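Work through the exercises below with the model open in a viewer. Each task is followed by a solution in steps.

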Amino acid sequence: MNHEDLRLWSKRAADWAADYHAGLRARPVRPDIAPGSIAAALPPAAPEEAEPMQAIWDDFERLVPGGMTHWQHPRFFAYFPANAAPASMLAEQLANAIAAQAMLWQTSPAATEIEMVMVRWLAGALGLPQARGVIHDSATTATLSAVLTMREKALGWEGLTRGLSGAPRLRLYASDQTHSSVDKAVRLAGIGQENLVKVATDTEGAMDMVALAGAIAADRAAGYLPIGVVVCAGGTSVGAFDRVGAVVALARREGLMSHVDAAWAGSAMICPEFRGLWAGAEAADSVVMNPHKWLGAQFDCAVQFLADPGPQIRTLGLRPAYLETPGVEEITNFNEWTVPLGRRFRALKLWFLFRAYGLEGLRARIRNHVSWAAEAAAALAAVPGVEIVSAPSLSLFSFALAAGDTATEALLARINADGRIYLTQTRHAGRYVIRVQIGQFDCTAEDVRMIATVVTELSR
């Protein structure tokens with residue numbers, strides 16, 4: 001295949017993409033296939049000779065669409081969305097065609113400078129003063145970067161050179177509502193799972209401030225070294241929020257860094273009326289949110305805002321001779337702000353997205369999703385035998401059958417086998433519950449009403 005072939009097949013791919021999205025409502029959200037069936041349909045080894053593009057295309061159409069869970073389906077109400085607005089898809093096509101490695105300013109000047117400006121644009125849209133930051137692949141990488149920085153700042157940056165052997169026992173604090181990426185971060189950072197202190201929460205799912213202060217004091221008395229606090233702003237399970245400002249202020253009084261995980265809920269903060277939910281985030285050392293979840297930016301795109309990038313650059317930066325920019329000393333090289341050396345041109349899709357829809361267009365979608373979630377919860381509450389377990393937090397709520405966990409689990413299996421909608425589960429307050437999260441970029445009020453329709457039919 002050459003570039004002239006690419007011209008032809010790119011046009012065909014664009015037509016296919018338009019038809020695919022137009023026909024998504026007619027597809028089941030999740031495929032009904034057995035594990036291993038796709039792999040079994042592929043040859044056991046790569047071909048020795050080139051194959052015609054038509055044969056490759058035919059196999060794509062035969063195997064892939066019917067074997068995918070359709071994340072862009074307007075009735076995808078599971079997990080959190082991984083949205084891809086049309087403008088974002090177009091930007092990704094262009095970024096893929098340019099195929100730059102944006103590790104340094106000199107390797108991709110436009111990519112670096114557009115990223116700097118897009119972080120400022122987004123910070124302004126969210127009402128944050130932290131106008132500097134970096135685009136990661138996911139919030140997991142952002143949280144790992146923040147935890148590594150907490151570790152090194154607490155150790156006086158000696159961990160980078162001497163390692164952790166002989167260092168005091170490090171302690172990180174978070175609630176049990178934080179994402180498992182925090183658990184992964186303490187493991188990968190050499191802190192250890194046992195040193196992630198899961199602080200008790202109150203009846204609203206917020207971290208207990210007395211318990212947090214007590215845990216820090218007890219650890220110091222035991223000779224341990226507290227390094228930081230991860231603040232939950234819209235937990236994955238049921239959308240719990242810590243009292244962000246109070247936690248950040250306590251961390252600062254204790255001399256600890258703070259990192260606010262707002263991976264999902266952060267997008268809603270472009271709407272000023274929701275900012276009370278994370279009041280105080282503007283004082284945090286680090287804040288992460290994922291435009292790829294709810295704003296329409298194609299996966300992957302996680303933005304970490306930093307009050308002072310210096311400590312993170314000192315922790316993660318490494319500049320051997322072959323990565324120097326001759327004649328330039330002070331310049332932004334984003335590979336020094338994050339874990340990977342290689343970087344994609346992620347900022348392009350944010351530039352296209354903000355300009356193609358405007359902040360008001362994006363706000364309208366989020367406001368609709370929040371409103372429709374409240375309507376869906378009310379409709380489900382009216383279904384006999386259904387209980388709302390956690391009330392809507394923005395556009396996320398959970399429900400269960402009064403008959404118990406076994407009946408609720410069986411209902412979820414029937415819902416997802418039916419295919420009209422897709423929901424997932426969690427455990428909350430000791431119960432097996434079904435999560436409902438409204439946020440797909442192209443969903444409508446009618447799509448959301450389908451939730452109550454399906455649950456009513458299948459819960460009888």
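Predicted model: local features only at pLDDT ≥ 70, side-chain atom pairs only at ≥ 80, totals over all residues.

**Exercise 1.** Classify the ring pair W16 and Y20 from its distance and angle.

Solution. The ring centres are 4.9 Å apart, and the planes meet at 10°. The cut-offs are centres within 6.5 Å for a pair and planes under 30 degrees apart for stacking. The pair is therefore stacked. Both residues lie in helix α1 (residues 3–22), four residues apart, about one turn of the helix. W16 is partly exposed at 22%, whereas Y20 is buried at 16%.

**Exercise 2.** Classify the pair Y357 and F441, and state which parts the pair ties together.

Solution. The centres are 5.3 Å apart and the planes at 75°. An angle over 60 degrees counts as edge-to-face, so the pair Y357 and F441 is edge-to-face. Y357 belongs to helix α13 (residues 347–381) and F441 to the loop between β11 and α15 (445–458), so the contact ties together parts 84 residues apart in sequence. Y357 is partly exposed, with 23% relative accessibility; F441 is buried, with 5%.

**Exercise 3.** Locate Y79 and A429, which have positive phi although neither is a glycine.

Solution. Y79 has phi of about 45° and is found in the loop between α3 (53–63) and α4 (86–98). A429 has phi of about 50° and is found in the loop between β10 (424–428) and β11 (431–437). Y79 is partly exposed at 40%, while A429 is exposed at 67%.

Key: Residues numbered from 1 in each chain as written. Heavy atoms only, no water. Helix = DSSP H or I, 4+ residues; strand = E, 2+ residues; numbered from the N terminus. Buried < 20%, exposed > 50% of the residue type's maximum accessible area, 1.4 Å probe, protein only. Phe/Tyr/Trp six-rings, centres within 6.5 Å; stacked < 30°, edge-to-face > 60°.
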